[in-house]
Amino acid sequence: MLSIVFFSASVNQLLRCASHMLRKKLPFLHSLLSPVSRHVGHLTGHQYDVIVVGGGHAGTEAAAAAARVGAETLLITQKIHTIGALSCNPSLGGVGKGQLVKEVDALDGLCGRAGDWAGIHFSILNRRKGPAVWGPRAQLDRQRYRDFIQSELLSTPRLTMVEGSVEELLVTEPNPEEPGHHRVTGIRLANGSHAISARSVVLTTGTFLSGSLFVGQTTSPGGRIGDAPSSAGLSHTLRERLGLRTGRLRTGTPPRIVKDSVDLSLAKLHLPDSHPTPFSFLNTHTHCKPEEQLPCYLTFTTPGVERVVRESLQLNCHIQQDTKGPRYCPSIESRVLRFPGRSHQVWLEPEGVTSDLLYPQGLSMTMPPDIQLRLIREIPPMRRAEIHTPGYGVQYDFVCPTQLSPALQVKSTQGLFLAGQINGTTGYEEAAAQGLWAGANAARSALSMPTVTLSRTESYIGVLIDDLVSRGVTEPYRMFTSRAEFRTSLRPDNADLRLTPKGRCFEEVGCVSSVRYQESLRVRNSLQDALTALQALFLSTSSWKKKLPSVPISETKSTLLTGLDLLQYNDVTFEMLASAFPESLSSFMEFAQRLKIEAVYKPHCDLNKKEIERIQREENMSLPQDIDYFSLPVSLSDEVREILDRVRPSTLGAATRLEGITPAAVVNLLNYVRVTEKKKETHRNQRQQEAQRDEELCANSASLPQ
């Protein structure tokens, strides 16, 4: 029987061997996990650096990141076998979301490599638009994805996993040298007999915090079908003991359809990309071969679907609740009510290579099972469809994220970090990004290092976190490229150049391996060498015309152009330039696409750089924490004053992103701070001048004859 605490080198070797064998699809993983998850009694005597509660996308990334930073980490989950499970849709990435996956991977997270291993249908969304808003996406094999995540965690040093439900947080008096009203020192499991100590705790409870499942008019406790909700004591601790503001959100999932009962010939075939693009910067190809990928199918709702929805509204208590559901991934009931008379897309997506189920993306529903069957049979390809598992809704508690710092630490509570849907977000990708950042910061805090933040000018993760902690949420938050002001600089192709060096530096984050860091340096240096070589190709337009006769280069201008200038032309590829100048460019062929993108976006990035520098200067302008906003002698509405007084943003940048703060209010606040600082500077100068005069007078008096 294996011990739960993995400290010895021999056990770690065994686990790495288990991980390797799992990749070969050997069946003993669950028999390995089962005994590992049972031994909890002797954990009470061990002091962990970090405890992570929850084994979903946020929890797995948090636990792995904390361990990579160097913290002894404990991951607690209700069911060890569901670690890394895809609770809802069997896909990863997309527009905005794909950028998050690339950034998580650049910081050595798990989900990108897991997607490359489990993907069975790869595509780049938004191909018709510029590369800055391309959305890497993949359909996943559920079992492969879960197996990969579990194998990675099993082979991670300093990481222990245990099965259990957390009853409450252990709370003590705060450290008087740090801000906060409380300090969390560990957790107590639901059986009441096990208190486990830690310097930091990360809550990643997903939809399980006081979760309720809804099907028709039936309600039952739970955070996912087949799983119980988190203990009520945990919600009580957050609200009553720590005084945190919480709210209620809802989401849902569609029924799973038996594949053989669907006539896919009546749906539109949607093929994957012929050359799959990996998520991870460490991978040159995906585990699934191009020819082994599975297709998806597109169909549409009919007037019959709307009729069934309207006839069954009185049988659907979930849709009648006043809790906020996801605006950008709503249930079919919400779509029908919001957009009557329209036809809505339904994607029929495979759930795995050997799975006999289809996932009908776009048909999330919570009506009674017999009504669900009536509804899906109103769609032509599913006239004879059978439901394997009905759709259902989930309602759950979340913590208002404006109570968090940019490090995802609760401002009022030392040692407590939150990540994922508990912060009001929706989606695997948003959860994974928060989990990685919260886990890294929890480890740094536990190891007596300062927490770190990411600016919205340098990453989508920074945009996500800044939106949450500055603006809060009124509905489940989803990432889009439109949320990033500098998306031409924050592209999916350059996430490694932006974030991997920051993640490797122990003083900054410290969660990136040496192998990834060295690869990032190789790529960065090679790209710089290639750009230098392109700029060294300095020819007249007539000379370029001779070199590239097929390219429409105007010879009317007597302009000298570099190879980088030429690469900005739509009709010019790096391969063409390398063919014309093999001696200087052929060695950089592996970076052909990246160099093309770099060239196209260079003018935009140069402008962005100047704008970012200006914004950073103004964003970092501190706002005094003792400002009396209600008596501030500037033009601000009562609403703006109330918002500023309640949130008390630490910088002007944080104030600009508060919901309800107008641009005019920001300008007035900026002018006030500048004038105030100028007056203070003037007063300081006057005092210095007066002090200098006094010194001179004293010196002169001393030199006079007595």
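Visitor: What percentage of the contacts in the protein chain with a separation of 6 or more is accounted for by residues 24 or more positions apart?
Guide: This is a predicted model, in which local features need pLDDT of at least 70 and side-chain atom pairs count only at pLDDT 80 or more, while totals for chains, interfaces and linings use all residues. Residues are numbered from 1 along each chain as its sequence is written, and side-chain values use heavy atoms, with hydrogens and water left out. With contact taken as heavy atoms within 4.5 Å, the share that falls to residues 24 or more positions apart, among contacts with a separation of 6 or more, is 72%.

Visitor: What percentage of the 706 residues of the protein chain counts as buried?
Guide: The chain contains 23 helices and 23 strands, which are DSSP runs (H or I of at least four residues for helices, E of at least two for strands) numbered from the N terminus. It exposes about 30600 Å², of which carbon and sulfur atoms supply 52%, with areas from the Shrake-Rupley method and a 1.4 Å probe, where for residues only the protein chains shown count as cover. Taking buried as under 20% relative accessible area, exposed as over 50% and partly exposed as in between, the buried part of the 706 residues is 55%.

Visitor: At about what angle do helix H4 and helix H14 pack?
Guide: Two packed helices are described by the angle between their axes and the distance between the axes. Here the axes are lines fitted to C-alpha atoms over the stretch in contact, with angles from 0 to 180 degrees between N-to-C directions. For H4 (residues 97-106) and H14 (residues 495-504), the axes lie 8 Å apart and the angle is about 40°.

Visitor: How many residues of the contact of H4 with H14 are charged?
Guide: Lys102, Glu103 and Ala106 of H4 meet Ala495, Asp496, Arg498, Leu499 and Thr500 of H14. The residues of this contact divide into 3 nonpolar and 1 polar, and the number that are charged is 4.

Visitor: Which residue has its backbone oxygen 3.0 Å from a polar atom of the side chain of Arg491?
Guide: Arg491 is placed in the loop between helix H13 (460-471) and H14, and it counts as buried because its relative accessibility is 1%. Leaving out residues up to four places away in sequence, Arg491 touches Ala132, Arg498, Ile597, Glu598, Tyr601 and Cys605. The backbone oxygen that lies 3.0 Å from a polar atom of the Arg491 side chain belongs to Thr488.

Visitor: Is Leu408 buried or exposed?
Guide: Leu408 lies in the loop between strand E19 (392-399) and strand E20 (413-414), and it has a positive phi of about 70° although it is not a glycine. Since its relative accessibility is 0%, Leu408 counts as buried.

Visitor: What is the relative accessible area of Asn126?
Guide: Asn126, although not a glycine, has a positive phi of about 70°, and its place is in the loop between strand E4 (119-125) and strand E5 (135-140). Asn126 is partly exposed because its relative accessible area is 26%.

Visitor: Which side chain is joined to that of Asn89 by a polar contact of 2.6 Å?
Guide: Asn89 lies in the loop between strand E2 (73-77) and strand E3 (91-93), and its relative accessible area of 19% is why it counts as buried. Not counting residues up to four places away in sequence, Asn89 touches Arg142, Tyr359, Gln361 and Tyr428. A polar contact is a pair of N or O atoms within 3.5 Å, one able to donate a hydrogen and the other to accept it within protein, and residues adjacent in sequence count only if both atoms are side-chain atoms. The side chain joined to that of Asn89 at 2.6 Å is that of Ser91.

Methods. Ala, Val, Leu, Ile, Met, Phe, Trp, Tyr, Cys and Pro count as nonpolar, Asp, Glu, Lys and Arg as charged, and the others, Gly among them, as polar. Buried means under 20% relative accessible area, exposed over 50%, partly exposed in between (1.4 Å probe, protein chains only).
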